[in-house]
2 protein chains.
Amino acid sequence: MPYDQKVDIQAERAYSVEKGLQTTLLTETFQGGKEVWARKQEIARIVEQEPVFARQDRYFLGRTERFQRALAISRKFVELRAKHKLNPDEVVIMKNYIDEYFPVHLHESMFLPVLIGQGSDEQHKKWLDDALNYRMLGCYAQTELGHGSNLSGLETTATLDKTTDEWIVNTPHASSGKYWIGSLGCVANVAAVQAKLIIDGKDYGTHPFLVPIRDKETHQTLPGVEIMDIGPKVGANAMDNGYMLLKQVRIPRTNMLMRYARVSREGVYSKPIHNKLAYGAMTLVRVRIVENAANALSRAVTIGTRYCAVRRQGGGQGASGELAVLDYPSVQYRIFTMMAAAYARSLTGRAMMASYNALMEDLRKGDTSKLADVHAYSSGLKSFTSTLAADGIEDIRKCLGGHGYSMFSGIPDYYRTYLPSNTYEGENWLLTQQTARYLLKMYNDAIRSSDPASQLSETTQYLLQLVNPSQFAHQRCSAQSMQDLLNPTVQLTILGHRAASLVAELAQLKTDNVSWSELNIDTYRVSRAHCQFIIAFNFINYLDDKEMRHAFNNVTAQVLKQLCDLFVLFMIEKDLGDHLETGYLTSTHAKWVRQGVKSLLKLIRPHAVSLVDAFGWPDFLLNSALGSYDGDAYKRLISWAKTEPLNQQGIGRDAVGVVQGYHEYIRPILKGELGQYTSKL
Amino acid sequence: MPYDQKVDIQAERAYSVEKGLQTTLLTETFQGGKEVWARKQEIARIVEQEPVFARQDRYFLGRTERFQRALAISRKFVELRAKHKLNPDEVVIMKNYIDEYFPVHLHESMFLPVLIGQGSDEQHKKWLDDALNYRMLGCYAQTELGHGSNLSGLETTATLDKTTDEWIVNTPHASSGKYWIGSLGCVANVAAVQAKLIIDGKDYGTHPFLVPIRDKETHQTLPGVEIMDIGPKVGANAMDNGYMLLKQVRIPRTNMLMRYARVSREGVYSKPIHNKLAYGAMTLVRVRIVENAANALSRAVTIGTRYCAVRRQGGGQGASGELAVLDYPSVQYRIFTMMAAAYARSLTGRAMMASYNALMEDLRKGDTSKLADVHAYSSGLKSFTSTLAADGIEDIRKCLGGHGYSMFSGIPDYYRTYLPSNTYEGENWLLTQQTARYLLKMYNDAIRSSDPASQLSETTQYLLQLVNPSQFAHQRCSAQSMQDLLNPTVQLTILGHRAASLVAELAQLKTDNVSWSELNIDTYRVSRAHCQFIIAFNFINYLDDKEMRHAFNNVTAQVLKQLCDLFVLFMIEKDLGDHLETGYLTSTHAKWVRQGVKSLLKLIRPHAVSLVDAFGWPDFLLNSALGSYDGDAYKRLISWAKTEPLNQQGIGRDAVGVVQGYHEYIRPILKGELGQYTSKL
């Protein structure tokens with residue numbers, strides 16, 4: 001007799017309901033509060049009602065079709081934004097629910113911030129209303145074919161022609177053409193182009209210029225502008241990433257974005273007032289990446305947990321039948337640690353947003369003291385969380401077994417579009433240089449100071465123990481039992497000691513004749529250690545928060561504590577080599593860490609389904625035959641397969657149901673018309 | 001001035017030529033000898049000349065188009081096989097060069113082995129010539145929607161009707177329909193169906209039956225047979241994986257494959273003579289997976305090394321310009337360790353094939369003594385090597401930076417089709433139970449024996465040290481310097497000690513009331529440790545081989561030794577926690593391991609491009625704009641982008657070059673026809 005998946009998944013929920021787990025409250029809390037969550041659901045309904053946003057057939061679309069669909073999505077998005085008078089936050093929410101990386105998307109997330117941040121007041125007056133209303137569709141053209149992360153290596157030039165009061169924008173070589181620029185391939189009609197500013201042969205470095213690229217009326221590319229779409233990608237195929245050559249294209253002098261640096265009619269360049277606020281913007285992008293990492297991971301965790309709860313396979317075939325796959329410890333290990341990671345990172349994203357807001361407040365007042373700290377940990381966390389999310393999502397897909405390989409599982413499509421987060425805004429290995437550099441500076445400042453504690457930020461206080469090196473070398477973890485490892489203070493001390501020891505090691509390696517790029521492997525380790533500390537720090541702080549304690553009942557608070565413990569012990573286990581190498585942890589501690597992880601998996605197991613329900617993913621967004629709320633995975637797999645084009649008469653099959661191409665290709669094989677094969681086995 | 005990539009890559013090769021590295025000899029040796037390599041190249045040329053195998057446009061094909069192409073490929077493949085009178089080995093070579101998972105592919109790799117292995121002599125007489133000549137196109141139908149790896153859970157039944165001398169084959173529920181069956185969706189006309197054999201209400205377990213599923217003339221599905229394609233997948237979309245329901249389908253009694261079990265006209269079931277040879281077949285599949293892991297990895301390593309040698313980014317901008325990305329230690333770490341892994345696994349694949357052949361020879365003589373050992377390590381190595389390959393390929397793709405995200409990088413498409421190796425033929429975590437179980441048995445046999453060494457196979461001799469537990473606990477690594485860690489005996493002792501300690505730990509955990517499935521996390525660790533030992537063992541043995549020493553000159557032999565050292569130290573470093581936990585390695589050893597890895601990266605760097613040339617991948621197969629032999633990455637990216645359908649007039653663009661859909665979707669946005677947006681920023 002077959003198992004009933006719908007019954008199985010409801011039984012999972014019944015347990016948490018009985019115990020009093022506050023699933024809804026968890027959702028509301030992690031979604032930003034009851035009101036925000038209610039508004040999100042309203043916007044979700046708006047999106048779900050529009051046929052153009054339908055997702056059922058997305059998995060069947062080839063690249064060209066998917067791009068065409070994205071154009072229709074773009075139009076509908078613009079229409080709904082106006083119709084429902086969405087504010088900027090709500091626009092972001094709507095984009096999240098549309099869940100497609102469509103051309104107009106980037107106008108808002110890349111082009112507008114540049115225009116707003118870099119344009120002068122006069123320029124805002126001239127262009128901003130058009131830009132906000134999409135009467136001008138922009139893209140942000142920085143990366144070149146031959147140069148990505150190294151801004152100073154860009155080759156595109158903007159040379160001032162004083163006689164005509166124009167810039168001549170030029171891409172001198174094929175490899176200096178702008179490449180990967182989203183929305184450039186087919187849609188945008190202006191580009192914010194990063195180019196080396198040159199006056200009278202002097203190079204003033206890279207600056208942004210507004211360059212019209214397509215005719216406002218005909219949409220044809222303008223003279224001197226050559227553009228093509230760069231072709232199919234791993235994901236994000238609804239986007240028209242483009243390649244652009246500019247051949248001596250002339251634009252007015254006033255098309256240079258002049259909020260900071262300026263060039264006068266006479267060709268005089270005035271230096272920018274140093275723009276600390278721009279660093280803030282970079283930080284914000286990274287905060288969003290950390291939040292997205294938590295989101296992307298929680299999506300896979302939701303699908304993985306629900307499906308593995310209804311998928312039964314092997315094990316004891318007693319009265320209750322085969323085991324749910326979710327009862328296998330290895331599956332729990334792979335999914336629940338990522339569930340804990342998703343909760344942990346969501347809290348870190350929230351903490352980052354708070355410190356970003358505080359930082360911006362400070363910067364407006366001219367106080368730059370926190371800038372370096374925030375910049376350093378946002379770089380590290382961007383790297384750490386997006387790497388862990390990408391790896392975790394794919395590993396959860398593998399936990400789904402064979403069916404995880406179907407696009408209908410709902411993971412592969414969004415995962416592919418998630419992947420670039422590991423390489424953009426700073427490649428995840430290279431980026432850690434920023435973090436390590438800062439930590440080394442903190443360390444040096446501290447050991448040279450008479451009041452070292454005052455030199456260190458809240459999350460680098462652990463460096464204080466390095467002030468007395470001989471004492472540091474002899475420190476040992478105080479935990480006397482597995483239970484002690486669940487003590488937050490002990491946890492932070494372990495993670496802090498390890499991070500500190502790696503900083504000290506780096507300090508020895510980084511002598512004057514060793515360049516930072518030679519220390520990439522080491523900076524990656526240091527940054528990772530620091531980030532593990534911060535994530536634990538934020539989770540622990542949250543659990544310690546009075547408001548939180550008041551809001552949740554004991555069961556809920558306890559489960560959150562278990563998730564925190566799991567993530568902390570998991571991080572320690574992953575890098576046990578580091579912890580043992582210093583002698584801070586002993587073999588006995590190592591065994592407790594492993595045992596602790598296993599015990600926590602068992603504790604979380606009964607609440608697993610409710611804990612992923614709490615992430616609040618609607619079925620519409622998950623678009624997963626395996627992970628929908630009702631658990632009806634197998635029926636959904638079949639009903640979705642029915643819609644596969646190869647199964648449709650007139651598309652994949654002829655009138656009698658035989659596959660197209662049979663007569664031309666397969667029948668001659670079956671009829672032996674292609675020659676006799678005589679080779680023996 | 002732009003760099004010349006073609007010049008850069010030739011400069012890389014010049015160094016190895018000057019030093020005398022035997023690149024061609026490496027290729028010939030690793031490809032199975034001079035003659036085999038020559039024959040492979042001949043077959044490559046046959047494939048390259050056929051337009052239907054052209055690969056340039058594959059990245060643009062949607063699923064339906066790609067499947068249609070695969071039908072054409074199937075036909076051409078059958079034609080060429082006959083025309084060139086290829087022997088079975090050569091057929092495999094040709095399939096590798098076609099490099100597409102096309103429907104007819106599986107007939108040979110899945111259906112034929114079942115027919116040959118399970119069919120009786122009479123059945124061979126009746127069907128084999130048709131099957132070998134594709135006048136019968138088969139698929140192998142085992143997996144069901146609700147059951148994958150658990151064979152005993154399959155629900156499809158074959159019930160004997162003695163009155164008509166027929167089997168009634170039936171899939172009782174939707175979830176018992178055969179699912180994921182390759183070539184079933186549209187192409188195959190017979191299926192080897194695994195079903196529970198039932199006579200007079202008695203269930204005799206799962207057996208294979210030959211079930212005609214499509215009409216020989218019309219290709220329509222036969223009465224009672226319902227089939228559909230299961231839809232789009234992560235990869236392998238040229239294959240028509242299918243779902244099949246069988247509604248009381250009747251087949252002759254003699255369509256049960258009767259080489260082993262038999263059922264007579266009277267309905268009497270005769271037990272099979274135990275079929276040890278069948279275990280051999282399972283082993284062969286895993287040997288192939290290990291070989292494929294080496295291949296798949298070497299392909300990404302080739303692309304990664306070549307592109308990172310010509311991609312320059314940041315670093316010192318002195319006389320020689322920016323640094324090649326391949327000069328960054330972190331990039332070397334990620335690519336060269338995988339290069340070493342590819343060499344190591346290729347050697348392990350070769351050693352496995354040799355022991356597989358020896359095993360089959362033994363089995364034919366009735367000697368089953370080596371069966372368990374080969375079965376155990378082939379299971380573990382399947383898991384270990386395919387996991388490392390999948391993770392490694394994706395990580396190398398990330399090393400390519402932004403351009404790695406383009407399909408033109410050549411990695412994503414084949415990676416997607418490679419991925420299922422992690423889940424089929426035993427999911428990579430679950431499978432390790434086989435290995436751990438065997439090791440535990442060896443351990444128990446050894447400690448209870450008066451002559452423990454005689455109980456242990458060549459690659460489990462390391463368990464001998466557990467016979468004296470107190471002595472074992474006090475063993476310490478003898479290495480007194482970093483140099484000592486390059487001593488092969490020291491290396492094997494380290495890996496052996498660690499594997500032994502995990503087996504001993506498992507022995508403590510596995511008491512009678514603990515089931516194997518509860519120990520999944522632990523079996524994974526044990527199996528991994530055992531496999532690391534075996535791979536190192538095989539590489540070290542190869543380097544010690546007289547014939548090898550005679551064939552290669554000193555430079556070549558030295559580089560191979562460096563690759564071996566790198567892989568060994570890399571494996572130790574990855575799991576340092578285990579090595580430190582037992583106290584066998586000290587903190588000082590740990591530092592030497594890390595330093596050793598870094599030094600080896602520097603030693604391998606100058607030969608890197610030649611070492612990937614030696615893998616022998618033709619440009620045609622790599623199909624990579626970034627990794628082609630001549631290094632001309634950027635020009636190739638552009639010329640391939642030009643062929644993107646969105647750039648073609650009549651497909652993606654209209655007659656004046658404006659994207660299709662502009663007038664309907666984008667113009668109304670730009671003209672402000674969709675409502676005014678009033679929200680403030």
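Reader: Where is A:Val467 found in chain A?
Author: This is a predicted model. In it, A:Val467 sits in the loop between α13 (452–455) and α14 (469–473) of chain A.

Reader: Why is A:Val467 called partly exposed?
Author: Its relative accessible area is 37%. Buried means under 20%, and exposed means over 50%. The value for A:Val467 falls in between, so the residue is partly exposed.

Reader: What makes the nonpolar surface patch that includes A:Val467?
Author: A:Ile447, A:Leu464 and A:Val467 make the patch, about 200 Å² of it. Patch residues need over 30% relative accessible area. A:Val467 has 37%, so A:Val467 passes that cut-off.

Reader: Why is the pair A:Arg594 and B:Glu581 called a salt bridge?
Author: The closest N and O atoms are 2.5 Å apart. The cut-off is within 4 Å, so the pair qualifies. The count between chain B and chain A is 18 salt bridges.

Reader: How much area do chain B and chain A bury between them?
Author: About 12600 Å², with 60% of it on carbon and sulfur atoms. B:Tyr405, B:Glu581 and B:Tyr677 supply 7% of the area that chain B buries against chain A. The contact takes 149 residues from chain B and 150 from chain A.

Reader: Which feature does UniProt place at residues 24–136 of chain A?
Author: The unreviewed UniProt entry gives "domain: Acyl-coenzyme A oxidase N-terminal" there. In the model, residues 24–136 of chain A are 73% helix and 0% strand. The end C-alpha atoms of that stretch are 42 Å apart.

How values were computed. Residues numbered from 1 in each chain as written. Chains lettered and ligands numbered in written order. Predicted model: local features only at pLDDT ≥ 70, side-chain atom pairs only at ≥ 80, totals over all residues. Heavy atoms only, no water. Patch = residues over 30% accessible without salt bridge, like charges linked within 9 Å, V, L, I, M, F, W, Y side chains within 5 Å. Areas by Shrake-Rupley, 256 points an atom, 1.4 Å probe, with all protein chains shown as cover. Salt bridge = Lys/Arg side-chain N within 4 Å of Asp/Glu carboxyl O. Helix = DSSP H or I, 4+ residues; strand = E, 2+ residues; numbered from the N terminus. Buried < 20%, exposed > 50% of the residue type's maximum accessible area, 1.4 Å probe, protein only. UniProt positions renumbered as here; feature names shortened; annotations may be inferred. Contact = heavy atoms within 4.5 Å. Buried area = accessible area lost by both parts, 1.4 Å probe.
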